[in-house]
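Welcome! Please take a moment with the model shown here, and then let us walk through some of its details together.

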Amino acid sequence: MIIKPKIRGFICTTAHPEGCEANVNKQISYIKSCNKLKNGPKKILIIGASTGYGLASRINSAFSGDGGDTIGIFLEKNGNNNKTGSAGWYNSFAFHKAAKKSGLYSKNINGDAFSNECKKNTINIIKKDLGKIDLIIYSLASSVRKIPNNNKIIRSVIKPIGKTYNTITINTKKDSIVQTTIEPANKQEIIDTISVMGGQDWELWIDALIDANVLADNVKTISYSYIGTSITWPIYRHGTLGKAKEHLENTAKNINKKLKFNGGNAYIAILKSVVTQASSAIPVMPLYISILFKIMKEKNIHEGCIEQIQRLFQTKLYTQNITKKYDNYYRLDEWELHDNIQNACYKILSKINQDNLYKLTDYLNYKKEFLRLFGFGLPNINYDKFSNHIINFDTINLI
C-alpha cells in the first residue's frame, strides 16, 4: 500500500509504519544523547503507552538509565487489507523492536485499560516476569470508558461550563483560521467526563496492584495534567477537561496515603502545551500552540513531549534536588507561563488573521509536527513506495 496522510477534522486517519518507527527512533536517540539517569526505575508499568507523553515516558524509562523493563498497555489497531494500522500500533512495534535490540524486556498488552480483565492479566505478567514494579505511569487518553462490572459505556466531552465558548482556531485540514462556537456542558456531561478522564481508574489500578502485592518499596506513580493560561482556560481548565484534571489531582492525594505503607508516593506532573493527538482535538489549542512555539523557539526554551519527560525524570522525579510548587506536584510548565512569554502570546493573538498566520506563528512547523505523530514528513522515508502496513509483533491481545 502507498500511504498518504488523510486528515479528517483534528485527526489523521492514516499512519505510516516506517515514519512512525523513524519518529520513535529519533526520540530514543535523544534520550541516549542526554546525561545518564542515575538511580532510575528498573521495572515500569505504563498505562497508556503508545503515543504522546505515555510513549515518551516508556522510551525514557527504558533508555535513560541502566535499562528499564517495561510493560506497556495501549488500545491500538493493526492494519488490514483496506486500511493502515493506528500510529500507536506502529509506535509500539517500533519501541518493542528497539528494546529487544538493546536486550531490554518489553511486554505489550493491547486492550481496554479500564477493564478488570486488563488489570488481572497485567498483574499476572508482573508476578511471572518482574516480581514487583517500582514505577507506574498513568497516561491514559481516552474519550470513552466502559465501566467494569456493568459494561455501561460513557463518553467524555470537550466543552465549557456555564456559558457558550466562542473562539478562533485552525482547521488543520484546510490550514485556515475558523470561528468556532461550543455550547456549555450539562451536568451529566461533566460527570461523565470526570469518570472517563479523571483519577478513578488510576486509583483502581493502584488498589489492584496493592492487593496483589506487586509494588516495590518506595514505589512511585505519576500521572500528567495541564493548567495552561487564560487563553485556554475557558475550554480547558474551566471546562469539562479541567474538572477531570482536578479530580485526577485530588486522586493523587488519596493514592499517596495508600502508598505510605511501603514508602511510596503518588505525583502529578503539570506539563506544558505540546503537539499530541489529544491536544489537537481541543479547540484553540492548535492556534495557541503555534503561537507559543514561535515565541519559545526564539528564546531557545522550546520542549516537546520527549524533552519534557526527560527533564521530569532527570531533574525532579529521580533526584534529591527536586523543585516542587507544593507537595507531590511537579511543575514543568514554568517556562510557558512566564509573563514575557504569555504577554507575547496575547500580543500575537490580538493581531492574528488568515493573511499573517504563517508570519506571526509557527503553524508551518506545528502542522509538520502534527503529521509526524502519524509517521509523515520524516526525512529519509520514501513515501511514494509500497509499505507493509500490516505489522504483527509480540502483544497480548485483549480485544
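Asn151 lies in the loop between β7 (144-146) and β8 (153-155); strands here are DSSP runs of E with at least two residues, helices are runs of H or I with at least four, and both are numbered from the N terminus. This is a predicted model, in which local features need pLDDT of at least 70 and side-chain atom pairs count only at pLDDT 80 or more, while totals for chains, interfaces and linings use all residues. Residues are numbered from 1 along each chain as its sequence is written, and side-chain values use heavy atoms, with hydrogens and water left out.

What is the phi of Asn151? The angle is near 60 degrees, a positive value in a residue other than glycine. Asp175, in the loop between β9 (165-171) and β10 (176-182), also has a positive phi, near 55 degrees. For background, most residues other than glycine have a negative phi.

Is Asn151 buried or exposed? Asn151 counts as exposed because its relative accessibility is 52%, where buried means under 20% relative accessible area, exposed over 50%, and partly exposed in between (1.4 Å probe, protein chains only).

| Residue | Relative accessibility | Class |
|---|---|---|
| Asn151 | 52% | exposed |
| Thr51 | 26% | partly exposed |
| Asp175 | 22% | partly exposed |
| Cys34 | 18% | buried |
| Trp205 | 0% | buried |
| Ser57 | 0% | buried |

Now to Trp205, which is found in helix α6. Leaving out residues up to four places away in sequence, Trp205 touches Leu45, Ile47, Ile73, Ala113, Cys118, Lys119, Thr122 and Tyr138; contact means heavy atoms within 4.5 Å. One of these partners, Cys118, is itself buried, with a relative accessible area of 0%. Trp205 and Phe114 are 91 residues apart in sequence, and their C-alpha atoms are 8.7 Å apart in space.

Thr51 sits in the loop between β3 (43-47) and α2 (52-63). Its contacts, setting aside neighbours within four places in sequence, are Glu76, Gly88, Asn91 and Gln277. Helix α2 holds Ser57, which touches Ile137, Tyr224, Ile309 and Phe313 when residues up to four places away in sequence are not counted.

Let us return to α6 and its packing. Helix α6 (residues 200-211) and helix α7 (residues 240-258) pack at an angle of about 15 degrees, and their axes are 9 Å apart. The axes are lines fitted to C-alpha atoms, for helices over the stretch in contact, and angles run from 0 to 180 degrees between N-to-C directions. That angle makes α6 roughly parallel to α7, a label for angles under 35 degrees. On the α6 side, the residues that meet α7 are Gln200, Trp202, Glu203, Ile206, Asp207 and Ile210, and their partners in α7 are His247, Leu248, Thr251, Ala252, Asn254, Ile255 and Lys258. By class, this contact has six nonpolar, four polar and three charged residues; Ala, Val, Leu, Ile, Met, Phe, Trp, Tyr, Cys and Pro count as nonpolar, Asp, Glu, Lys and Arg as charged, and the others, Gly among them, as polar.

How many disulfides are there? The count comes to zero, a disulfide being a pair of cysteine sulfur atoms within 2.5 Å. For Cys34, the closest cysteine sulfur is in Cys305, and at 15 Å it is too far for a bond.

Key:
Angles under 35 degrees count as roughly parallel, over 145 as roughly antiparallel, 65 to 115 as roughly perpendicular and the rest as oblique.
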